[in-house]
Protein chains: 2
Amino acid sequence: MLSENKTADVSFESLLRIFTVPEAPDSTLSRIETELSQNLNQFLREHIVAEEKRLSDIEKDFSDPILPEKPSFVSDHTQHLLDTLVSQSVHTSAPSFIGHMTSALPYFIMPLSKIMIALNQNLVKIETSKAFTPLERQVLGMLHRLFYAESDAFYTKWMHSAKHSLGAFCSGGTIANITALWVARNNALKADGTFRGVESEGLFRAMKYYGYDDLAILVSERGHYSLRKAANILGIGQDNLIAVKTDDNNRTCIQDLEQKLSDLKRKNIKPFAIIGVAGTTETGNIDPLREMAEISHREQCHFHVDAAWGGATMMSKNNRHLLDGVELADSITIDAHKQLYLPMGAGMVLFKNPDAVSVIEHHAEYILRKGSKDLGSHTLEGSRSGMAMLVYAAMHIISRPGYELLIDASINKAKYFADLISKQEDFELISDPELCLLTYRYVPEKAQKALSLAAGDHKDKLHRLLNELTTYIQKRQRESGKSFVSRTRLNPAKWDYLDTIVFRVVLANPLTTESILSAILEEQRDIAAHCHSLRKEIDELIEKIQDSN
Amino acid sequence: MLSENKTADVSFESLLRIFTVPEAPDSTLSRIETELSQNLNQFLREHIVAEEKRLSDIEKDFSDPILPEKPSFVSDHTQHLLDTLVSQSVHTSAPSFIGHMTSALPYFIMPLSKIMIALNQNLVKIETSKAFTPLERQVLGMLHRLFYAESDAFYTKWMHSAKHSLGAFCSGGTIANITALWVARNNALKADGTFRGVESEGLFRAMKYYGYDDLAILVSERGHYSLRKAANILGIGQDNLIAVKTDDNNRTCIQDLEQKLSDLKRKNIKPFAIIGVAGTTETGNIDPLREMAEISHREQCHFHVDAAWGGATMMSKNNRHLLDGVELADSITIDAHKQLYLPMGAGMVLFKNPDAVSVIEHHAEYILRKGSKDLGSHTLEGSRSGMAMLVYAAMHIISRPGYELLIDASINKAKYFADLISKQEDFELISDPELCLLTYRYVPEKAQKALSLAAGDHKDKLHRLLNELTTYIQKRQRESGKSFVSRTRLNPAKWDYLDTIVFRVVLANPLTTESILSAILEEQRDIAAHCHSLRKEIDELIEKIQDSN
C-alpha cells in the first residue's frame, strides 16, 4: 500500500503504516487534495469531462464483483479514481448546473468536513460524541427558534433535557418526513386504557382497539414521493396517502382538502396527519399553511410541514412571510444540504412540542440508558456522524443576515429568469417562481398559435410532440455537458390538465449569472433548431391544424 | 467572513468570496488541517483534553438558541471550535479507546473524504451522481459476492440491472435492518388475488386479507435494539419482536426457537422473519446460522442476518467459517464503519435475491422514472452522499488479504486479553471472545469466594454491590481520560441469570498493544482500590457471609 512496499506482499506492518503514517505531501493524493483546495471549480472543470460518456460504458469500469486479492498503492488508486470516477462525476457546484437542489459549497466546508471525519464521532451516544451531543442539540434549538420563536425560557428548559427533543438530525428529508409521520401515527394510536400503544401492540391491534376502518395522510398532489415511502413503511398503505387537488399555483386547494376530509370521515377512516409543503420539489410553491394548520387543529390531526427545500427561506426577514403559519406545524422537515449550502447528509426534523418524541423513545443496556442524554433515544437512525458541526459552523460564519442575502438573491434571480423567459417568443413559462424554482418549456412560435386553435386528437398529438421535444432538448443539453436543467411532468390548468413535460430549474447557486441564464436558453433554442425529424413532424401537424380551421 | 471584511457588514460580494476564494494556506483552518493531516493522533492528543469536563459545563458552551446576527471570520470560528468542541470530543481512534465499535481510520481516508464531500454527489439519482451510481452498485456486488459467492454470470446479469438491486447503501445498520424487515414484511403480505399488497392497502387490510391474528419477528434476546425500532415503525409492535432464549454462549437456543414458533402458530400469529446475529453487540457471539436458515426455510420465514459488526469477518479465510450458513440468509446487514475501518455513515443491506426489493420499489416524475437506474428507487433514504467511494477505495487499497490480517489480529488480540484476564486473581471473564469482543468484571479475590458461599439476600446484595463497583470503575476510568471501556448488563447462567454489570471491550483498533491492555487492567484495579466506601461495604458483607457459613 505504501511506496516502501512495492514488491512485498501485504504484511501487518505495512497495514499499521496506513494507520500511522500520513500521505506524503508529494503523493498523488496530497497533490490532488491541494489542487482541489486551491481552486475547486478549476479542479472540477479540468477533471470532469464535459462530453458525456454513455452509462453503459461507465458501467464497464465498475463491473468487477471480485474483491482485490492484491493491495493497491494509494497513489495508483487515486489516479484510478480520477480517471474513472471523478472524470465521470457531475459538477453539481457548477453555476450552470441549475437542474437540481444540489448547489455550490462554501470553501471552508471542505477542511471542516475533513476534521469532522477525522474526529469520527458517533452521535448515537455521548460516550462516542461528548461535546458533539450538546452542539447538535444547540443546532436543533437554533432552527427550532427560527421557525417557532419560542421564549428564551423555553430553550433553557428543553434544549438539553434528557427526555425531550426539539428535533432529530438525520441523513435527509426522507428520513425526516418518515420520523415526523412515525411520531404522528404513534400519537394517533397511543396507549389508552388497557391498550399499550401501537409501538407495543402493533398496528392491527391498534386499529381494532380504536375502531377505525383505515388511517389516512393528506397531502397535495405536489407532495414529495418520500411521503409514499412513509405511508408504505408505516403500514398505512400508499392508497391511504390521499392526494389533495392543487389550485392553478400548485398549492393545496382548501376546498378539496375539506371535501376529502369529510369523505374519509364518512367512511370511518381516521385522517391522522395533514402535510403542508413549503416549497414543492417540482414547482417550488408554498401551501396555505395557516389555513391548513387551522383545519388540522380542528380535526385533531398532526400538522407536518415538509420544508426540506423551502425552509431556509426563514433566514430572510424579507421573504419569510411566504411561510406564514409554519409556526403552527407540529413538525417541520428541513434539509441543510439544500438551501443552507451544506454537503449531502444534513436533514432535520423539528418538533414544536419537546415531548412529541416520547412515543418513539427507545433504550438499550449498553447505551441509551434511561435518563441519559444520548441522542439515539429519539432518532430513527442509530450510529450517525457529526454533521451537525458543519451546520453549526455555517450558521456562525455566514450568519442569519448572510443567509438572508443568499436567499433573497436566489429569489430575485428566479424572478429575473421568469421575466426573461416570458419575453422570448418561443419559450413558455409554466410555473411562476414563488421561491427560486420555476418551470418552463420551449414551444416554437407557430406551435403556440396552433395549440390555441387545435382541438381533439390534433391537440393531444401536438402536446405529445412538444413533450417529446422538451425531453429531447433536456437530454441533449445534459449530454453536451455545458449546463444542466432537469425535467418533470406537470398538468397545468392552462393546458386542460394534459401531461406536460417541462424544464425545471433551481437557482440557488450564488455563482449563476444572468449571462449564464441567457446562454442556457440560447443553447436550448439551438438544440431545438437541430432536432429536424421532430420539428418536421410538428410542422406537418401544425399545417393540418391550420387547414382544419 | 474573510479577513478583508473585518469591520464591514456582511455583503453579497463577501459572501461570493466564501464560494470562490479558498482558505489562505496560513489561515487557522488551513494550519489545523495540515497539522491534523500530518499526525492525527498527535493532533488529537494535544487538542482533546484528557480530564473530562462535566457535561453540564460543556452544555453551557452550546446553550444559545439565537442564530448569529453577525458573521464570524472563518479563523475565529475555527479557533472557537477547537476550544469548545474538538477539545471536548472523544478520541475514538486512540488505541486505548476500546469500549465501542468505532476504531481508527487509515490516513488515506481523510483526503479522500474531502474529495468526496467536494464532489457533493447525490446518489439518489444518476443525474446528480453519474459514475458514482455504477461504483456503488459494484461495491454492493463485491460484498454480495463475499457473502453469497454467486457465479460470474450472476453478477454480470444483475449488478447493473435497472429493476434489481443486490442491496442498498444506507447511513447505518439500523436503516439496513429496517430496510430488510420492510422487504420481509411486504413479501409476507404481498399482492394476491384482489389484494394489492400491504404497500398499497396498508397493514390493517393486509392482516384481514391474510387472516392472521398478528405478525411476529424472532430474534435472540441478544438482538440489537434497532430491531425493536423496526418492529415499532413497521407497525408490527415491539411486543411481537419475540426474544428467543440464548445458550451459555449467548447464541440463539434452537430448542427455544422451535418452541416459540409452535406457540405462535397455535395462536394464529404469522412469524414472517427470523433474525440471526453474527456478532452480537454486547458479547460478539454468532448465532447458529445454518440451523436457523433451515428452520426459516421450512417455516417460509424471511431469514435476515444482522452482521453489522461481525460481517467483516468474511474477509478472513481463516475465520469466515464462524459465519457458516450466512450464505443462506435472504438479507444481510453490514456496516463498513465498523470492522472495515471506514468513517461513520457507511451501512449496507444485501439481498440474496436481486428481485427482493421489488416490493419496496417507488418512482417519481422528476427522478426515479421507471426503467431508470436511479438507486433511489430501492432505498429507504432519499438523497445520500457518495460514501460508497470510500468503501471502494479501502477495498482496493487494503485488499481482501489486508483485511484478513486486520481481522485475524483483532481476534487473536481478544484471545490474548481473555487469557490475561483469566490469569488475574481479581478479574472474572464473563464472555469468551468468539470475535474481537469480550466482557469481564473486577471482583476482589475475597468476594469471589464469598459469592460461591453466599445464598439468598446476601448473594443478591453482594451481586448488587459488585455491579455498583463495576459501574463506578467504568465511569471513573472514562473520566480520567486515559482509556475507555464500555459497560453493559448481562445475565450469565453462571450467576443464576442475575443482572450482572460487566466491562465490554472491542479490540478492533490495530494500534492497541498488549501493554495497553495490561495498563487498562492495572488502572481498573487501582480505581477499585481507591473506592473506599463501596469496598468497605463489600468487605462487611463478606464477613457476614463467612460468619453465616
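User: Which residues of helix α3 of chain A are buried, and on how wide an arc do they fall?
Analyst: In this predicted model, helix α3 of chain A spans residues 40–47, and its buried residues are A:Leu40, A:Asn41, A:Phe43, A:Leu44 and A:His47. An α-helix has 3.6 residues a turn, so residues three or four places apart point the same way. Seen down the axis of α3(A), the buried residues line one face of the helix, because they fall within an arc of 160°.

User: Which exposed residues lie on the face of α3(A) turned away from its buried side?
Analyst: Exposed residues are those with over 50% relative accessible area. On the face of α3(A) turned away from the buried side, these are A:Arg45 and A:Glu46.

User: Against which helices do the buried residues of α3(A) pack?
Analyst: Partners come from both chains. Chain A supplies α2 (28–38), α5 (74–84) and α6 (109–119). From chain B, the partner is α6 (109–119).

User: Is B:His224 buried or exposed, and which side chain does its own side chain contact?
Analyst: B:His224 is found in the loop between β2 (214–220) and α12 (226–233) of chain B. Its relative accessibility is 17%, so B:His224 counts as buried. At 2.8 Å, its side chain makes a polar contact with the side chain of B:Ser226.

Methods:
Residues are numbered from 1 along each chain as its sequence is written. Chains are lettered from A and ligands numbered from 1 in the order in which they are written. This is a predicted model: local features need pLDDT of at least 70, side-chain atom pairs count only at pLDDT 80 or more; totals for chains, interfaces and linings use all residues. Side-chain values use heavy atoms; hydrogens and water are left out. Buried means under 20% relative accessible area, exposed over 50%, partly exposed in between (1.4 Å probe, protein chains only). Helices (H or I, at least four residues) and strands (E, at least two) are DSSP runs, numbered from the N terminus. The arc is that of the directions from the helix axis to the C-beta atoms. Contact means heavy atoms within 4.5 Å. A polar contact is a pair of N or O atoms within 3.5 Å; within protein, one must be able to donate a hydrogen and the other to accept it, and residues adjacent in sequence count only if both atoms are side-chain atoms.
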